[in-house]
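Subject: Structure handover

Hello,

Here is the structure I said I would pass on. My notes on what turned up in it follow below.

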Amino acid sequence: MPTMAVTPKSAFEHMPCHATALRKAARRVTQMYEGALAETGLRSTQLAILLELTNRADRPPTMADLAESLVIERSALGHTLRPLERDGLITLQEGEDRRQRYVVLTAKGKAKFKEGANAWRIAQERFEEIFGRTDARELRQTLLGLAYDDRFGKLKD
């Protein structure tokens, strides 16, 4: 891990919960990314959705697939999608089964994603400047390993 200016170690000893430490770190880092994105009108969660849809433009995901790839509850995804749909950045299209809905990026959404990606790069570069490029890559790989390990979603196998 990189050497960073932090609160004295004794403060960390009083916080043994991994989940709390991850949430605090996520909130702090999110503040920086949200600041960079503010002028675009996008939140970091919305940019993540637009990125996922950009990467899957040739085969739009169902809401269930998108929720799974973002590691978010489907109901929470629906709440996050509403402003994107309202602003014309995405459309929801019915599948063969009426219960199945596909999330499709619109041309306006593609343009907004490009705008957001440019703002995102500023925060990404700042994070790597503070944390270190190599350490940031290793951290990202570790965190994604946790995010996609289903064992962390339950107490027993």
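Does D97 count as buried, partly exposed or exposed? D97 counts as partly exposed, because its relative accessibility is 31%, and partly exposed covers the range between under 20% for buried and over 50% for exposed. Please keep in mind throughout that this is a predicted model.

Overall layout

The protein has seven helices and two strands. Along the sequence they come in the order α-α-α-α-α-β-β-α-α. Along the principal axes, the C-alpha atoms fill a box of roughly 55 × 40 × 25 Å.

The protein has 157 residues, and 27% of them count as buried. Its accessible surface is about 11,500 Å², with 53% of that belonging to carbon and sulfur atoms. If you take the contacts with a separation of 6 or more, residues 24 or more positions apart account for 49% of them.

On charge, there are 26 positive and 22 negative side chains. The centres of these two sets lie 3 Å apart.

Salt bridges

The structure holds eight salt bridges.

R99 is exposed, because its relative accessible area is 69%, whereas D97, at 31%, counts as partly exposed.

A salt bridge also joins D87 and R86, where the closest N and O atoms are 3.0 Å apart. R86 has a relative accessible area of 64% and is therefore exposed. D87 has a relative accessibility of 34%, so D87 counts as partly exposed.

The pair E129 and R126 forms a salt bridge with its closest N and O atoms 2.6 Å apart. Both residues belong to helix α6, which covers residues 107–131. They are three residues apart, about one turn of the helix. Here E129 counts as exposed, because its relative accessibility is 58%. R126 has a relative accessible area of 41% and is therefore partly exposed.

Nonpolar surface patch

L22, L143, L146 and F152 form a nonpolar patch on the surface. Together they have about 360 Å² of accessible area. F152 sits in the segment that follows α7 (133–147). With a relative accessibility of 58%, F152 counts as exposed, because the cut-off for exposed is over 50%.

Backbone at V71

V71 is not a glycine, yet it has a positive phi of about 55 degrees. The residue lies in the loop between α4 (63–70) and α5 (74–86). V71 has a relative accessible area of 47%, so V71 is partly exposed.

Some distances between residues

- L51 and G116 are 65 residues apart along the chain, and their C-alpha atoms are separated by 9.5 Å. L51 is placed in helix α3, residues 44–55. Its relative accessibility is 38%, so L51 counts as partly exposed.
- L144 and N118 are 26 residues apart along the chain, with 23 Å between their C-alpha atoms. L144 is placed in helix α7. L144 is partly exposed, because its relative accessible area is 44%.
- R137 and T91 are 46 residues apart along the chain, and 33 Å separates their C-alpha atoms. R137 also lies in helix α7. With a relative accessible area of 37%, R137 is therefore partly exposed.

In brief

This is a predicted model with seven helices and two strands, eight salt bridges, a nonpolar surface patch that includes F152, and a positive phi at V71.

Regards

Terms used:
Residues are numbered from 1 along each chain as its sequence is written. This is a predicted model: local features need pLDDT of at least 70, side-chain atom pairs count only at pLDDT 80 or more; totals for chains, interfaces and linings use all residues. Side-chain values use heavy atoms; hydrogens and water are left out. Patches are made of residues with over 30% relative accessible area and no salt bridge: like charges are joined within 9 Å, nonpolar side chains (Val, Leu, Ile, Met, Phe, Trp, Tyr) within 5 Å. Accessible areas come from the Shrake-Rupley method with a 1.4 Å probe; for residues, only the protein chains shown count as cover. A salt bridge is a side-chain nitrogen of Lys or Arg within 4 Å of a carboxyl oxygen of Asp or Glu. Helices (H or I, at least four residues) and strands (E, at least two) are DSSP runs, numbered from the N terminus. Buried means under 20% relative accessible area, exposed over 50%, partly exposed in between (1.4 Å probe, protein chains only). Contact means heavy atoms within 4.5 Å. Lys and Arg count as positive and Asp and Glu as negative; His and the chain ends are not counted. The place of a charge is taken as NZ of Lys, CZ of Arg, CG of Asp or CD of Glu.
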